[in-house]
Amino acid sequence: MLINGRKGQQVLMMGNEAIARGALEAGVNVVAGYPGTPSSEITQTLARVAPKRNLYVEWSVNEKVALEVAAAASFAGLRSMCVMKQVGVNVAADFLLHLALYGTRGGMVLVSCEDPGALSSTNEGESRLYAQMMEFPLLEPGDFQEALDMTRWAFELSESIRNVVMIRSVTRMSHASGNVTLGELPERTARAYYDFKGPLLGDMAGPVATLPGTVDFMHRRQQEKLKKLEGLYDASPFNTYTGPEGPELLVITSSACHLYCREAIELLEVSGRVGLLKLGTTWPLPPRWLESHLTAAEKVLVVEEVLGCMENTIKAFAMERIDRIGPTAFFGKADGAVPSTNELNPDRVMAAMAGILQITPPGLAPEYAARAAEIAKTGAPVRALTLCPGCPHRASFWSIHQAMAMDDREGFVCGDIGCYTLAAAGTGFHALKTIHAMGSGAGLASGFGKLAAFGFHQPVMAVCGDSTFFHAVMPALVNAVHHRANITLVILDNSGTAMTGFQPHPGIGVDAMGGTAPALDIPDICRSMGAKVSLCDPFDIPKTRKTLLAQVEDTDGVKVVVMRQPCALSPQRKHKKGFRMSIDPERCLGASCGCNRLCTRVFKCPGLTWDRENDSARIDEVICAGCGVCASICPSGAIQAKEDA
Amino acid sequence: MEQHENLGSGQEDLKRKVLQNELCTGCSACVHLCPYFEHYRDKTVIVHGCDGTQGRCYAYCPRTPTDLSALQKDHFDPKDLTPELGAVKSLLVTRAADPAIRATSQHGGTVTTLVRLALSEGIIDAAVLAGRKETFLTESTTLSRPDEVAARAKTQFVVSPTVGEFNEAAGRDDARRIGVVATPCQALALAKMRHRPDPADAEKVGKLRLVIGLFCGWALSWEKLKPLLEARIGPEPIVKIDIPPSRYQCMEVTTESGRLSIPLSEVEACVRENCRYCYDMTGEFSDISVGSARSPEGWEVDRGWNQTLVRTPLGEQLVGLARSRGVLEVKDAPPGALAKLMAAALNKKRGCLERLKEKSGRPDDLIYLRAEDPVVTSWLEKV
């Protein structure tokens with residue numbers, strides 16, 4: 001459908017699919033990214049159709065390299081796109097700064113899909129400020145049609161100003177769906193050629209480089225590019241206004257908040273009093289168009305996620321023109337009308353509007369609300385985060401936790417980003433004691449591992465996944481080895497980038513487009529760095545524990561333990577049970593086991609349940625993945641694993 | 001601290017009152033009852049939290065509130081009870097008749113001889129014994145053949161997880177009558193276990209048939225002992241460690257290259273903190289207790305003999321059998337030997353009570369002992 005849909009056809013599309021289609025309609029040639037929710041589908045869907053569309057799609061090792069890969073294509077005159085989640089922009093930021101300073105050649109678009117409310121992240125950071133700070137254009141689609149149209153246009157925009165253009169989406173835009181009318185898929189042939197012959201300060205030819213002494217010229221040129229956009233933005237169809245001419249309250253919004261505002265206005269029935277101004281070109285601001293609307297309003301409510309980026313720039317904008325616009329009362333994050341953290345929704349926006357307009361928002365009838373709360377308690381109970389049944393991380397952390405407890409020197413584990421991040425919770429026995437960014441576990445451990453000189457006695461462990469290893473851990477590991485940090489790095493190799501949808505990475509023999517690729521060997525790399533490397537199968541609990549105990553006892557430098565076992569949802573594993581699990585009713589002593597339900601209370605694999613009627617453990621055959629690990633943890637040997645033919 | 005009979009509390013209480021209170025003896029009675037405790041490198045550790053409010057771990061621990069009178073009533077004839085040494089039917093000086101056994105033993109080889117005999121006679125079909133592991137650690141194993149015993153002969157100065165091993169062995173079908181060689185704290189744990197076993201454990205605990213206690217002044221912390229020994233003897237394997245009578249003020253370490261003497265003051269710095277709160281020098285809750293001999297003949301002779309306290313009818317039966325089979329040589333204890341032993345034992349009790357009161361901060365709070373316990377008051381009369 002992504003490539004078969006014809007011009008004029010109306011389809012139901014996810015925001016990410018619409019962005020992908022928009023890029024195809026712009027004739028994009030190179031797409032690079034790193035998996036990150038809520039962005040991954042863009043790169044994934046394009047990878048699937050790549051062979052049919054003269055398209056090269058790559059899962060790069062990290063977002064900085066992805067941006068560099070996309071930039072190379074742009075310098076060679078091709079159209080390219082780079083896709084990531086909000087934190088990826090932080091990783092790419094160093095290169096982005098230089099890229100924006102010099103400029104691009106073929107149209108280049110950076111798509112950042114962000115996560116207000118941290119539905120699938122460990123933070124709700126923002127990348128919109130990069131556009132202001134590094135001075136390049138920012139676009140935010142406010143509905144699904146715009147997701148397509150804006151992306152298609154962004155390449156054109158990029159070529160007109162010869163700079164990267166950022167499109168910012170959020171979960172509720174990327175992962176929600178709406179009606180989209182498709183455009184035309186071009187027949188574009190592109191020829192890549194990097195024209196480095198020319199003056200140093202040239203635009204479309206010459207080296208793409210800056211040097212001290214040239215920066216002032218480049219920087220002024222960069223700022224002039226942005227200035228040129230003002231007229232373009234003033235006329236852009238992506239900036240819309242609906243509402244009365246002189247509204248009592250002007251609501252300024254962008255992105256998914258646009259949809260919440262429309263709902264709120266409808267539910268409050270205030271379309272006669274409230275004007276809705278939706279910005280699609282959010283940086284730089286469209287000056288004359290915005291000024292005309294601000295002049296017509298005395299109260300302005302800015303609705304955005306998460307930080308008050310627009311609120312601040314619009315306030316400054318209004319202040320500069322105060323003699324023409326007149327004083328304006330601003331509402332938003334600063335005065336608390338809109339929450340400063342978490343994502344917004346129609347209820348929160350209604351509350352803000354109702355407060356300003358001094359009306360009561362329609363709420364749930366009290367009996368209904370009470371009944372709903374009651375039903376939710378049993379019908380939709382709050383559930384703990386959990387690793388999948390059969391997840392090798394559960395087995396790995398079982399051994400890690402045991403080993404650290406037995407070692408009894410208050411050892412701890414520095415965590416990292418992936419499915420195994422959940423090990424900070426009960427599902428991983430609360431093993432992780434720090435969690436920050438990709439690669440931070442090893443980096444922090446490298447630091448902790450040098451504190452013996454200050455009386456530090458605690459064993460230090462770090463964990464990372466196979467994808468995280470390539471993304472960011474390698475430099476930290478080099479640091480640790482070179483500085484002789486006393487640490488153990490446990491690499492949880494489950495053969496893929498699992499958390500984001502099991503994408504391949506450089507350790508896997510397959511690339512984004514499904515072709516074969518050389519697989520880099522993680523133990524070899526660690527060995528050649530000079531670390532002491534052991535391998536184990538996390539499903540072999542006694543051997544894994546023994547290996548870990550030996551590593552933490554060794555205080556000399558860096559030890560690496562690679563725990564290799566494929567993810568339960570990997571292509572090799574999915575739908576295949578290694579064992580048929582069962583409970584021997586003679587051996588399971590139920591509540592009188594004296595183990596206080598170790599299996600369901602502590603180990604907590606979803607495939608194990610407690611049968612209260614029969615006072616016994618039970619295997620849920622539908623959920624059980626047949627990994628066999630629970631058989632090693634039952635002290636009575638009541639859990640039986642029979643090899644499944 | 002509560003002053004009442006051990007009604008049972010759970011893991012959390014055990015952790016606060018014993019493990020984190022420097023009282024844990026390392027006896028490992030709490031290990032292998034459930035999956036939540038492990039013994040590793042001379043430490044008893046909690047691996048997972050258990051939210052149980054009543055547990056066997058707490059009930060069997062020798063350092064949770066203990067009713068010594070009730071325990072004595074379980075095992076001993078009241079006529080045999082002495083305040084200083086517990087039950088005493090007789091004090092003997094003994095050694096293995098077989099010189100080969102003596103050559104590989106700590107002193108007289110009495111324990112090795114009695115355990116071998118108990119196995120070969122079928123009094124027991126399994127014996128839980130401590131032995132050395134690498135880097136000065138210890139481990140306890142369960143043996144069933146008499147010829148396997150001599151290899152476990154020497155004294156260990158780092159506590160071995162014997163009761164944990166008993167817990168595991170008792171759960172197996174192949175061991176039905178178990179004998180344990182136990183330090184005083186381990187013997188006390190076994191007595192508490194037998195006194196009020198959890199119904200789920202009754203069968204397992206019922207398998208315990210013979211306890212041979214060891215005289216003990218204190219045990220050493222592996223964490224502190226290891227660097228001390230490594231500095232003195234390097235990586236050479238140790239053949240034997242011994243502590244001669246106090247007038248020698250030293251610890252003897254024998255390796256393949258020879259015997260080295262370490263000043264006792266350096267060794268005393270390695271004593272486990274919890275041993276300061278132990279009252280029992282002779283392993284009172286056992287059928288027979290064995291230690292090294294003391295006599296006017298002097299250490300060069302005494303070091304080849306044992307002092308043996310016989311406490312129960314089973315103890316008498318076993319020693320009598322050993323004598324009649326000619327595997328155990330017996331001398332009469334020299335005059336005054338019993339009095340000397342009692343004085344030494346009472347000294348340990350005196351020190352223990354003082355330190356318990358200091359720890360609790362109250363003269364009537366003896367932490368795991370009851371001040372009103374007739375057994376305890378009987379010491380106070382003597383002290």
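This short talk walks through a predicted model with a chain A and a chain B.

Let's start where the two chains meet. On chain B, 16 residues are in contact with 21 residues of chain A. Between them the chains bury about 1,500 Å². Of that area, 50% is on carbon and sulfur atoms.

What holds charges across this interface? The rule finds five salt bridges there. One of them joins A:Arg545 to B:Glu38, and the closest N and O atoms are 3.3 Å apart. Polar contacts cross the interface too. There are eleven residue pairs of that kind, with both partners at pLDDT 80 or more.

Now look at the chain B side of the interface. Two strands of chain B, E1 (37–40) and E2 (43–46), each supply at least two residues to the side that touches chain A. Which element gives the most? Strand E2 of chain B does, with three residues. By residue type, this side of chain B divides into eight nonpolar, three polar and five charged.

Next, salt bridges in general. Side chains of opposite charge can pair when their charged atoms come close. Over all chains, the structure holds 55 salt bridges. I will pick out a few.

First up is a pair within one helix. A:Arg220 and A:Asp216 meet through their side chains at 3.0 Å, N to O. Both sit in helix H8 of chain A, residues 215–234. They are four residues apart, about one turn of the helix.

Now a pair between strands. A:Arg564 forms a salt bridge with A:Asp493, and the closest N and O atoms are 3.2 Å apart. A:Arg564 lies in strand E20 of chain A (residues 558–564) and A:Asp493 in strand E18 (residues 487–493), so this pair ties together parts that are 71 residues apart in sequence. A:Arg564 is partly exposed, at 36% relative accessibility. A:Asp493 is buried, at 9%.

Over to chain B for another. The side chains of B:Glu266 and B:Arg232 meet in a salt bridge at 2.7 Å, N to O. B:Glu266 is in helix H10 of chain B (residues 264–268) and B:Arg232 is in helix H9 (residues 222–233), so the bridge ties together parts that are 34 residues apart in sequence. B:Glu266 counts as partly exposed, at 30% relative accessibility. B:Arg232 is partly exposed as well, at 34%.

Salt bridges can also join up. In chain A, a network of them links A:Glu114, A:Glu126, A:Arg128, A:Glu140, A:Arg168 and A:Glu304.

On to the aromatic rings. A pair of rings is described by the distance of the centres and the angle of the planes. How many aromatic pairs are there over all chains? The count comes to twelve.

Take A:Phe412 and A:Phe448. Their ring centres are 4.9 Å apart and their planes stand at 80°, so the pair is edge-to-face. A:Phe412 lies in strand E15 of chain A (residues 412–414) and A:Phe448 in helix H16 (residues 440–448), so the pair ties together parts that are 36 residues apart in sequence. A:Phe412 is buried, at 9% relative accessibility. A:Phe448 is partly exposed, at 24%.

A:Phe448 has a further partner. With A:Phe456 it forms a stacked pair, 6.0 Å centre to centre and 20° between the planes. A:Phe456 is partly exposed, with a relative accessible area of 22%. Elsewhere, ring pairs link A:Phe75, A:Tyr194 and A:Phe196 into a cluster.

A:Thr468 lies in helix H17, residues 466–482. Why does A:Thr468 count as buried? Its relative accessibility is 3%, and buried means under 20%. A polar atom of its side chain lies 3.3 Å from the backbone oxygen of A:Ile417. Beyond its sequence neighbours up to four places away, A:Thr468 touches several residues, including A:Tyr34, A:Asp416 and A:Met438.

A:Leu78 is in the loop between helix H3 (63–75) and strand E4 (80–85) of chain A. It counts as buried, at 11% relative accessibility. A:Leu78 and A:Arg191 are 113 residues apart along the chain, yet their C-alpha atoms are separated by 7.3 Å. Leaving aside neighbours within four places in sequence, the contacts of A:Leu78 include A:Asn29, A:Gly106 and A:Arg191.

Conventions: Residues are numbered from 1 along each chain as its sequence is written. Chains are lettered from A and ligands numbered from 1 in the order in which they are written. This is a predicted model: local features need pLDDT of at least 70, side-chain atom pairs count only at pLDDT 80 or more; totals for chains, interfaces and linings use all residues. Side-chain values use heavy atoms; hydrogens and water are left out. Contact means heavy atoms within 4.5 Å. Buried area is the accessible area (1.4 Å probe) that two parts lose on being put together, summed over both. A salt bridge is a side-chain nitrogen of Lys or Arg within 4 Å of a carboxyl oxygen of Asp or Glu. A polar contact is a pair of N or O atoms within 3.5 Å; within protein, one must be able to donate a hydrogen and the other to accept it, and residues adjacent in sequence count only if both atoms are side-chain atoms. Ala, Val, Leu, Ile, Met, Phe, Trp, Tyr, Cys and Pro count as nonpolar, Asp, Glu, Lys and Arg as charged, and the others, Gly among them, as polar. Buried means under 20% relative accessible area, exposed over 50%, partly exposed in between (1.4 Å probe, protein chains only). Rings of Phe, Tyr and Trp (its six-membered ring) pair if their centres lie within 6.5 Å; planes under 30 degrees apart count as stacked, over 60 as edge-to-face and the rest as tilted.
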